[in-house]
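This report is meant for someone looking at the model for the first time.

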Amino acid sequence: MTLRSILIGGIAASALAPMAQAERGEDGQVGIIYWQAPSIMNPYLSGGTKDLEAASLVLEPLARYDENGDMVPWLVDEVPTVENGGVSEDLTSITWKLTEGLVWSDGSPVTSEDVKFSWEYCTAEGGGCAQIEKYGGIESIETPDELTAVVTFRNPKPFPYTAFVGAQSPILQKAQFADCLGPKAPECTEQNFNPIGTGPFVVTDFRPNDVITLEANENYRDPEKPAFASVVFKGGGDATAAGRAVLETGEFDYAWNLQLAPDVLANMESAGKGQIISGFGTLVERIMVNQTDPSSDLGDRRATLDHPHPFLTDKAVRQALSMAIDRELLVEIGYGDAGRVTCNVLPAPEIYASTANDDCKVQDIEGAKAVLEEAGWTDTNGNGTRDKDGVELSMLFQTSTNAVRQDFQALIKQWWSEIGVEAELRNIDSSVFFGGDPGSPDTFQKFFADVEMYANNFDGTDPEAYMSNWHCEQIPAPENQWQGNNMPRFCSEEYNALVDEMQQTGELEKRAELAKAMNDMLMQEYVIIPLVDRGRVSAHSNSLGGVILNTWDSELWNAADWHRKETN
Amino acid sequence: MLTYTIRRLVLSVPTLLFIALVIFLLLELAPGDPMAQVPLTVPPEVKAQMREALGLGEPTHIRFGKWLWQFFVVEPMVLTDHLFGTEFAADKQRVISWQTRSPVMDIVVQRMPQTIWVVAMAYVVGVLIALPIGIYSAYRQYSVFDQVGTFVTMVGFSVPPFFSGVLVIVIFSVQLGWLPSIYDTTHRVVDWNTFVMQLKQMVMPVMVLALQTTAQISRFMRASMLDNLNQDYVRTARAKGLSEQIVVMVHVLRNSMIPVVTVIALGVPQIFGGAIITEQIFKVNGLGQLLITAIQANDLPMVQTVTFMLAVLIVLFNIIADLLYGLLDPRIRYD
Amino acid sequence: MTDPTPETPPTKTPAPTPLGALSDPQPVAPPRSQWRDVWDQFKRHRGALAGGILFLLIIVVVYLGPLVWPIDATYIDIRARNEGPSWAHPFGTDQLGRDTLARMMAGGQVSIAVGLTAMLLALGLGSLIGVLAGFFRRLDGPLMRLTDLFLSLPLLPLLLVMVLLFRQALSSTFGPETGIFILIVFSIGVTSWMPTARVVRGDVLALKEREFVLAARSIGTTNFNLITRHVLPNVLSPIMVSATLGIANAIITESALSFLGLGFPPDFPTWGRLLNDATVYLQDYPERVFWPGVAISLTVLSVNYLGDGLRDALDPRIRGR
């Protein structure tokens, strides 16, 4: 597919645009560019978000989240709840009823056997399924008839919408994947690259880490969709080049995840060929404050609970560190409209957002200095850094390699030096920092530094699993090969109690209260210093219509609705 | 010479095996985790299970042994199957990439067309331009041509490809709109129009890469020619009445080729794994990009296989260079 | 008949003056040393002089400049960000408001130090191995296989392993900054010597068979003297080219290292890093790529001309022409 045919297709389509009835395939080709190239089309074996998103063009779940975070039925007629009888009163089972007449892209009917098989596939021994958490707690799945699947849980589950909801757990065709269970899963290359799904497109050619070509699914349930006859899904390069390709040269129609400085993006947008869209989810850029001593003199037991941190265990110090940061400026420099100041590690959805911590929105250097003075931290030896009882406030600040993060580090280092705290900066390659290699000293779990900065979020809209990250059991230590999510090594009985309580609570309001309480506890202890609520930024060309950015699910969730529109 | 060649070829086998072992151990030792790019939302226990499923639980020597077997026995079987329609490798386990869960060699073969079209072509273009520039610069030392040539090549070499690539894109794609900034790897050349399209998308990456190659090779060519242009035999040849062209192009050139041949031979394996930055900038997605993405994703089987293939090329081309020395200068003796 | 006249004894002719060639006047001046000749020839090479002066100028500006222009290279003045050239900031400011001139000077100190040292290390190592391999047939095989090995090793994992193994030890022995400097110089040196070794070996193989080497050997010159006095000066051409290309390579590789987090801390400016950071802003603030790009190019050019001049000066055939 050449540039010329894209342009001709675009011009022809826009000339025909005023037609009232849309037809499948009349809009020619659409080009999508992801600067991280997808490697596999099977989200269960995937190594990253890019694979999930690519696969969502082909594979679909029973229900998913829309752009507001609400659950919408996708392959079913309605989302089962306690009210409509879909979820049993004792919260141990949920019944999914497939829409009538659904067919796979090869023409065969979608049945509840396929639903059950998807569960078997991901939970098979030795399969290494990346999304196995979604099927946690499922005892069995019955298929009383062709269109009904009854999922039974081992224990009552207040929030039963983890399996088959969202781009992370779509339905696979049993006939196609039947021989790919367990250890055989990686061997089924044809299936992994060309899955049969119910989505608007089917794969015609898959080149891993390079390009995917897809064409419209002839058996898609809506006969007038998708408007595009084919898709070119290119991968590779970097975010700048991807943004350029959509906003400046017009070679592509949609670019994903443009993590660029706001003025660079604004300049690209001013070329007038495309627009930038952004949406906010739960991604929060934060600083983790190490409660344990990472000094290399401690040998094997560095950064473990055996050795509390010499000064970061003093709440006054942590508070001062947070007060000295001008979050407004950070947002302006790093993210522009694609970021918001946040004072909570749990910023969304609405019901979970606490307002108890909003003092952090304004920088207060003098206040920070006062807090430190009161706590006894003064500069006794005149070297510019405060100290007390021989302990200097001198820290190592690490993060991953990323231009915006390095700018943040420079700014934050300067603010901290104004209040008398010295910081040495380090940046580590992302694949080392975020990898779990127990042999590397630079991972974010090992946290052999005093403070580290990165961003994290959670899938879907329910924060239970996310907030339990700071339970005492989740502390990374040599005993569990440094695999754990509680980076600050925060341990509090009160917090643990809240986590346990939330696991038993079903009522939404009560759950929201518990989540807010957990968030407030972390914020008011200042063991996590939230900085920016980062939105997702993508760009699409002005001639591409129907795009709705969805931060709660795959960004390509409604690719079936995309069409060419007239541009003036 | 023949015994030398045979000796070198035979010696290269244990050398390559040793190199394969060193590469494997280096990759094992290097920090990095294939689960690094898996989102943080996936819990650590699941990541541990995924690592098990990749085969990371087995001890190092077993994994190395398996790789050796798969690369040296199974892959050739697959090749014979493909060429001759036989069935030797029907059920055998091939070298599987951890990122894509598909055979590594299939992806390597998939990347060959664009690597050859762009990177190999750039190398050939670079060499063809560099030789005349080097020769003429040396012949007319300190002339305007030499000064300009020196300036352009030095600047070209000092300016790294991550900058020159972007500069070229900004000028030709964004401002002028003449050339596409993204290489289409699925493009098929079937007629004149598609051929022109292929040329258009090749021009910029070839230019950027050729600039680096030209700079290097022309400097070595010039320096070597300068050494030889003042030798006594040149004076003799001129006195004998030979034309300038014969003197320079036949006598001096042949004697000056040794360092140039060395550098060219060192550069050929780089085609297949070295043009990393340029490939990324233009999204040519050739073997260089494959290697770097595999390294970043800690996809050990892919890195091991591709790096080993590069090692084979390096050893092979160094042997060829050594043999060429013997041809170019008959006084060089190896035996 | 003639009377015998008494013969006058023949007048004594004065002793003939010795031939000029056999006379031995006292020397009026000490003999010209070889290096004096070299320096004379070097001086006459216009390009080399220009290159030398430029290089010295760059070093002076970069090392002594901060005494004249005292703004701190890492000081962030956020209100002054993205400014063009002005009296307060002659080269403008970057996206955080840091003064570009100060960053260029601080960056130059590091880049030149790293570039020169790493290049010398790579050059020294490469020449040593190349000469040994070319000269001693028995060492040729093993050394060239070693070269093949180093050429085959993937750069990124190798650097990661080196950082992993040595960063802590170097940091605690030499202090964090010097430790990182040594680590970077060592990493670049150890991974760039191979082409030099191959090229030098090729030339030495050819040179070894020349008549003058045979002649020198026949009068009993030791191997060491053969190498230092006869072989090395004649393989200087490719070594000089390697030096020029090596400096550019070292400066750029250093920036790639810090980009990967293996080099200096991110707020530590170096020319390569400045170029890297500015590339994103190419269309919006093109002057930001201009300064580091020009600086690197000028350094490489000056080393190139210096190398040219040195090679010409050491070539006895050109000398005195």
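In what order do the 3 strands of the open sheet in chain A lie, and is their pairing parallel or antiparallel? In this predicted model, the order is β4-β6-β5 of chain A, and the pairing is antiparallel. Strands of a sheet pair through backbone hydrogen bonds, either parallel or antiparallel. The edges of the sheet in chain A are formed by β4 (93-97) and β5 (138-145), each of which pairs on one side only. Direction ignored, neighbouring strands of this sheet are turned by 20° against each other on average.

Between β4(A) and β6(A), the latter spanning residues 148-153, there are 5 bridges in the antiparallel sense, and A:Thr95 has A:Val150 of β6(A) as its bridge partner. Helix α3 of chain A, residues 112-123, packs on this sheet and touches β4, β5 and β6 of chain A, while its direction makes about 165° with that of β5(A).

**Chain B**

Chain B contains 12 helices and 0 strands, and its C-alpha atoms fill a box of roughly 80 × 60 × 40 Å along the principal axes. The chain is divided into domain 1, residues 35-97, and domain 2, residues 110-328, and the C-alpha centres of these two domains of chain B lie 35 Å apart. Where the domains meet, 7 residues of domain 1 of chain B are in contact with 7 residues of domain 2 of chain B. On the side that belongs to domain 1 of chain B, the residues divide into 5 nonpolar, 2 polar and no charged.

Which helices of chain B come within 8 Å of each other and cross at roughly 140°? They are α11(B), residues 287-296, and α12(B), residues 300-328, whose axes approach and cross in this way. The two helices α11(B) and α12(B) are therefore oblique to each other, and α11(B) passes α12(B) in a left-handed crossing. From α11(B), the contact is made by B:Leu287, B:Leu290, B:Leu291, B:Ala294 and B:Ile295, and from α12(B) by B:Met302, B:Val303 and B:Val306. By class, the residues of this contact of α11(B) with α12(B) are 8 nonpolar, no polar and no charged.

**Contacts between chains**

Chain A touches chain C through 23 residues, which are in contact with 18 residues of chain C. On the side of chain A that touches chain C, α7 (262-269), α11 (403-418) and β16 (422-428) of chain A each supply at least two residues. The largest share of that side, 8 residues, comes from α11(A).

The contact of chain A with chain B takes 50 residues from chain A and 47 residues from chain B. Here at least two residues each are supplied on the side of chain A by α5 (189-193), β7 (201-207), β8 (211-216), α6 (239-247) and α12 (430-433) of chain A. The table sets out the classes of residues on these two sides of chain A.

| Side of chain A | Nonpolar | Polar | Charged |
|---|---|---|---|
| Side that touches chain C | 8 nonpolar residues | 9 polar residues | 6 charged residues |
| Side that touches chain B | 15 nonpolar residues | 23 polar residues | 12 charged residues |

Conventions
Residues numbered from 1 in each chain as written. Chains lettered and ligands numbered in written order. Predicted model: local features only at pLDDT ≥ 70, side-chain atom pairs only at ≥ 80, totals over all residues. Axes fitted to C-alpha atoms, helices over the stretch in contact; angles between N-to-C directions. Helix = DSSP H or I, 4+ residues; strand = E, 2+ residues; numbered from the N terminus. Parallel < 35°, antiparallel > 145°, perpendicular 65-115°, else oblique. Left-handed = near helix turned anticlockwise from the far one by under 90°. Nonpolar A, V, L, I, M, F, W, Y, C, P; charged D, E, K, R; others polar. Pairing = 2+ DSSP bridges. Domains from an automatic or database assignment.
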